[in-house]
Amino acid sequence: MASLITCPHCGRRPKEEFSIRGDAVPERPTPVASEEAWHAYVYLRENPRGTIREYWHHAAGCRRWLVVERDNVTHEVYAVTDARDLAKGGAA
Amino acid sequence: MTSSRIANVGLIDRSRIVKFSFDGRAYKGFEGDTLASALLANDVTLMGRSFKYHRPRGPVTAGPSEPNALVTIGKDARTEPNTRATVAELYSGLVARSQNAWPSLKYDIGSINGLFSPMLGAGFYYKTFMWPAAFWEKLYEPVIRRAAGLGKAVLAADPDRYEKSWAHCDLLVIGSGPSGLMAALTAGRAGLRVILAEQDFRLGGSLLSETAMIGGVSAPDFVAATVAELADMPNVTIMPRTTVFGWYDDMVFGAVEKVQKHVAVPSADKPVERLWRIAARRAILAAGAEERPLVFGGNDRPGIMTADATRTYLNRYGVATGRKVAIFTNGGSGYRTAADLSARGVNIAAIIDSRAASADFAPYGVRVICSGSIVDTKGGHRLSGIMTNRFGYDEMIDCDALAMSGGWSPVVHLMCQRGAKPVWSEEAQAFLAPDVGPLFIAAGSAAGHATVSECLRDGAVKAHAAVEALGRLVGHVNTPEVEGEYDPSFAPLWYVPGARAKAFVDFQNDVHVDDLALATREGFGHVEHAKRYTTSGMATDQGKLGNVNAVALLAGMRGVSPAQVGTTTYRPFYTPVSFGALAGTARAEQSRPIRTSPLHGWAKKNGATFLESGLWYRSAYFVQGEEKNWRESVDREVLNVRQNAGLCDVSTLGKIEIFGGDAAEFLNRVYSNAFLKLPVGKARYGLMLREDGMVFDDGTTSRLFENHYVMTTTTAYAAEVMAHLEFASQTFWPDLDVRFVSTSDQWAQMALAGPKSRTILQKIVEDDLSDASFPFLAAREVQLKGGLTARLFRISFSGELAYELAVPAGYGEAVADAIMEAGGGEGICAYGVEALDVLRIEKGHVTHSELDGRTTADDVGLGKMMSTSKPDFIGKGLSSRYGLTAADRLQMVGLKPVELDKPLKAGAALLREGVEPSMTAGQGFVSSACFSPHIGQWIGLAMLKSGRERIGEKILVWDAVRSTEFLAEVCAPVFVDPDNLNLHV
Amino acid sequence: MRYSALSILRQALSGNRGWKPAWREPEPKPHYDVVIVGGGGHGLSTAYYLAKEFGIKNIAVLEKGYIGSGNVGRNTTIVRSNYLLEGNIPFYEFSLKLWEGLEADLNYNAMVSQRGVMMLAHSDGQRDAFARRGNAMRMHGVDAELLDREDLQKMMPYLNYDHARFPIKAGLLQKRGGTARHDAVAWGYARGADSHGVDIIQHCEVTAIRRDEKGRVTGVETSKGFIGCNKLALATAGHSSETARMADLRLPIETHVLQAFVSEGIKPVIDNVIVYGGGHFYISQSDKGGLVFGADIDYYSSYAQRGNLAIVESTMEEGVSLIPGLSRLRVLRSWGGVMDMSMDGSPIIDRTPIENLYLNAGWCYGGFKATPASGFCFAHLIAKNEPHHVARALRLDRFERGYAVDEAGKGPQPNIH
């Protein structure tokens, strides 16, 4: 994971081409959501040891935001999906 | 040439004499020598001093694990301390010096430490040097520090070049001994793309010192034939002098190639070292096995080395390590060494075998002492005798070298770098490579195999598996027959009892058995505690030689098995790697990319002084005539803009083109203020927040056409804003029809500001620029005279009548020239970002000096830009939290020193007048400051607690780090044209 | 046994056979007043101060590995209090004061070495930002000096002054900052805590947090059985989210890996700690001679204590850019520590919404220097149920209330603090 990422658009590319934002699991609350919901979205993280989903941006490539599903202990990557496809399809 | 060199033996080229020096004395060696082999050939055994006790030391290995023979190589800026003489390829003009000895290697005052060694045991420094407290930094630590380290660094700029490269292969083979060669051959014949990496300058690994016959030829001849076949394969890349130092995620290996480390003066056309990132589909670790030293009293004298090293010096370099060599062994290696020495005519003092009996054959006439041990040694700078002991009876045996063999440890380092721990094998009495999955496997002696024939076969078998897994047909590879190989099996012997002198475990750090015992006694028996408490394994060899012995000794002391003790953590780098190789070309001015604006040339020819702004070089100010300092230039530029006009390069601002039917809706959601109804042909200032409600960035967005907007960002945040927009559109609102492209580099953009700017601009623009037809905040395409289509925005950072004109980058300089020419009669000047900063401070416009990531819109007086009617925008959700709306937040105000000559500086703190500085007394800080030629004094913007209520108050500007304090008056943060009359003329 | 020059001499004369274990290896008792989870620097210092300063004697520290196996043994050993914000400066300054008295307090030499910490500025803006920081420090009684380029050239002639991509303009020096021998800090606190009766229980992994019907914490299930307690204190930075999850608590934390490096040992050349403002590189030289340095975190979430090659390279690029003469020296070893990266880059020492459960977390990459104050303030909180005054900004609810302590001003994205 840390060395090479398979971008769904560009293929296997070195990690340095990407920038990483963080946890891709929290969903942005609706405009009418409570301040608690916003607090949870912006600040609170499950941060599990094991399988996570994380936003990676192919900043030096196709400029797409990707959701990388991977293990944060073994660094194995299970899936890389275009974030928009996930967002449109409803987060899995 | 010298008495230790044996005629007609070895793989050195005796027709090529290599001259070198050590500690100022000239010596000769041959091409194919290492520094260590050449010194040994010259009867130089003493090559270094140990770290703590400054004990005299000679090489104990002939390879990369060497803890003792560390020297400083090279001169001046090419000085390289701590170079292992055992792997340093000899070259003509090599200059080497000994280390950690004063006044000389032979007579080293530091060796007095040995006398105090009972007081300098493991961890002694944690128990003392505490009284009195002030003496630590003043006395004790300087003394300890002076003793620190081995070699000296010169810290001069490196004159040589380095580079980096990627390589890709189906199979990476690490090591070119019997298993590595067979693996490469098998995979190569099957058509795989193979990289064969070998740390040595010569391929062959252990075969180079092997005396068995392989396929009917000598081992070195077998190597030569195999390498020749591999070299002819277009799909095989052979990389000698290349050490694979790290295994990283996704089967990426880090390797460093010594390209020109074997020449005195490197050619400027090539790098001296090259870093490789090797992406391999599969890899085979064929790094061999390390022979373990024996842990007995006095085991560190120069002349004592491993049996394997003895054989290597003998067979590969044609060097006898002594005239009369004793052998201390627990297995077959000692006997093979005796046989080889004997065959070359070297006298053997005796073979001391720790086992009661063995099936190994000693050469004719050589005495074998079974159930024997060594309890002490004698000699100063070189071994002169060993005290053996058998059944309690001592016997002193004269010898000038000792070959020792304590068994074998597979070199599994790389396979353990990603979390897996090596696995103890009772059968092999060694830690074996862990199972890390099918992609990376060990072969040969790295996998625990013992004999040459087993290693050859295992290399072929492991490569065979890789070939099949990669879906290729395996070609036919015969494993050649081996004649005359020996059985390297051994009986474990971790500690030789009855030691009458220190029995060293970690040679370089002088960790001996008593240290480990003390650590265990004090509760530091966990292998990691023992390592950290005694420093065993923390020297430059990282315990390659001693760690397994240390683990077994700890196991014995704790009464458990080595498996229960386990190993310390293996981490990169397998062997040390230079900073230079890892940094590559990124150094000095080239350490990061340089960005210059399309108007850089224009600015330069107009006399600009440039300053770094992130990766950009921006024009700071333009010196004219007799101006002697930057202030004179900046003051002139500022006044001229307010009186006449000035032209400033603002191309570095981020520029993002936004398209799509939902662009308006999208902008409305990413800005805190309203954007839905921005008319075509208009620009609007916008504020972007982070989701936590703090200001993220600001800028203008203009609607050029119905579904086409152009956004500007600050220079610093251009990339972040672009990524932010992409994130919002792709993940929050994927259904909105909106697209972006960054065009920051495609446009040259210039600000033309000042009361005469319209007159000047009209001279080069076809369109009518009157206030009626091109009013404040107008933004649209215009035709320049001559036909170029440009974008014109009537926006102002200075507060004056002003425009920003954007033209395709390639036209930038010509257009700027045209404007300067058109403005010549109107008194136009070029101005830089320093003047721009003054102009905006005078006007109270914010930059990231105020928007430091902790400010809200309201803090900087832009609270009205927080839309209350929009249902959603980024940052809305958390913007009303208590802490973000508290009355005592820092708010932006203006500041004017009460005394006109006081220079206000950004970064000064604010205090209430008459209050002592303290933890709670701080009132804020000066965020921006400048000399305002318009006002005629220094002014500033400041973030002040409840600032807007405090206009008129006198406050203390407290600048302790610049040793000034004075009173200033809090004022509204606008110093020029508060009613914005100038904008609308 | 007390350590002294005399005890060393006496032991030397008797073959060093009389040294006693530095701490006991007790079996856990069924119940303690306070159970601290995590035998790292912070857990051990908490136990020490609880016992010594706050009179609580019945304490256990539970460590799943060996003590000091976390970040206290895996860092770049820097101690300093050169912070910007009011929420941080008093806390780190309190810590530095405790460092200054640590050897005498613990009768253990942790080699606290006040060699000075120099932060370099490479632009006018950065210099002004450091002036602001220096003034804030001075306002709080912390030493800070703003030095110009000429001063720096005298102190550190080996920096890149003439061919730098980002020219050196100024430096902010905290003379009282420096380094300490990291492992010894854990050992010294362990020995001190043990001497005050604290049970340090190694190889004891907490597997669950037991709560009563009212939700109050009553003890922990461990690999050595159930251990009851009146108060449970978590000091497991790097794994805080995992331990807090056992009490159904979600934290404002992501776990990230930070690499650090040591070079081969060389004779002393770099006297103070240097922090490069043109990137994130920082370096010092240990008393053993190794150059100890690091730079950026690896950016992705990771619980693996190892890093990737790209960051190794960028670290060396920054190092060679700042100190060209490093080029021909060699890097010996790299390692990675996993850290709680909090949402504002600052730590948390607070009670939790769960009764009897106390939290010490979110240390990002600054935990080592905080070790003494973290333990002291956490002990204060546990003993008195109210925050120590220097740690009162480090609350868990600060995010909800809008009082983030955001030194870098980067907002709620943990990997860029």
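This is a predicted model: local features need pLDDT of at least 70, side-chain atom pairs count only at pLDDT 80 or more; totals for chains, interfaces and linings use all residues.
Trainee: How is chain B divided into domains?
Mentor: The assignment gives domain 1 (1-155), domain 2 (162-289 + 410-483), domain 3 (293-406), domain 4 (501-573), domain 5 (605-652 + 747-831) and domain 6 (839-872 + 888-980).

Trainee: How far apart are the C-alpha centres of domain 2 of chain B and domain 3 of chain B?
Mentor: Those centres are separated by 31 Å. Domain 2 of chain B brings 8 residues to the contact, and domain 3 of chain B brings 7 residues.

Trainee: What area is buried between domain 2 of chain B and domain 3 of chain B?
Mentor: About 590 Å² is buried there, and carbon and sulfur atoms account for 39% of it.

Trainee: Which residues in domain 2 of chain B lose the most area to domain 3 of chain B?
Mentor: They are B:Leu208, B:Ser209 and B:Thr211, which together make up 70% of what the domain 2 side buries.

Trainee: And how many salt bridges are found across this interface of domain 2 and domain 3 of chain B?
Mentor: The rule finds 2 salt bridges. B:Glu210 and B:Arg336 form a salt bridge, with their closest N and O atoms 3.4 Å apart. Between domain 2 and domain 3 of chain B, 5 residue pairs are in polar contact, counting pairs with both residues at pLDDT 80 or more. The side of domain 2 of chain B that touches domain 3 consists of 3 nonpolar, 2 polar and 3 charged residues.

Trainee: Changing topic, how many residues of chain A are in contact with chain B?
Mentor: Contact involves 27 residues of chain A and 29 residues of chain B. The two chains bury about 2400 Å² between them, with 52% of that area on carbon and sulfur atoms.

Trainee: How many salt bridges are counted between chain A and chain B?
Mentor: The count is 5 salt bridges. In a salt bridge between A:Arg28 and B:Asp872, the N to O distance is 2.9 Å. The interface of chain A and chain B also has 13 residue pairs in polar contact, both residues being at pLDDT 80 or more.

Trainee: Which elements of chain A give two or more residues to the side that touches chain B?
Mentor: Those elements are strand S2 (11-14), helix H1 (35-43), strand S4 (51-57) and helix H2 (83-89) of chain A. H1(A) supplies the largest share of that side, 6 residues.

Trainee: By class, what residues does that side of chain A have?
Mentor: The side of chain A that touches chain B has 13 nonpolar, 5 polar and 9 charged residues.

Terms used
Residues are numbered from 1 along each chain as its sequence is written. Chains are lettered from A and ligands numbered from 1 in the order in which they are written. Side-chain values use heavy atoms; hydrogens and water are left out. Domain bounds come from an automatic or database domain assignment. Contact means heavy atoms within 4.5 Å. Buried area is the accessible area (1.4 Å probe) that two parts lose on being put together, summed over both. A salt bridge is a side-chain nitrogen of Lys or Arg within 4 Å of a carboxyl oxygen of Asp or Glu. A polar contact is a pair of N or O atoms within 3.5 Å; within protein, one must be able to donate a hydrogen and the other to accept it, and residues adjacent in sequence count only if both atoms are side-chain atoms. Ala, Val, Leu, Ile, Met, Phe, Trp, Tyr, Cys and Pro count as nonpolar, Asp, Glu, Lys and Arg as charged, and the others, Gly among them, as polar. Helices (H or I, at least four residues) and strands (E, at least two) are DSSP runs, numbered from the N terminus.
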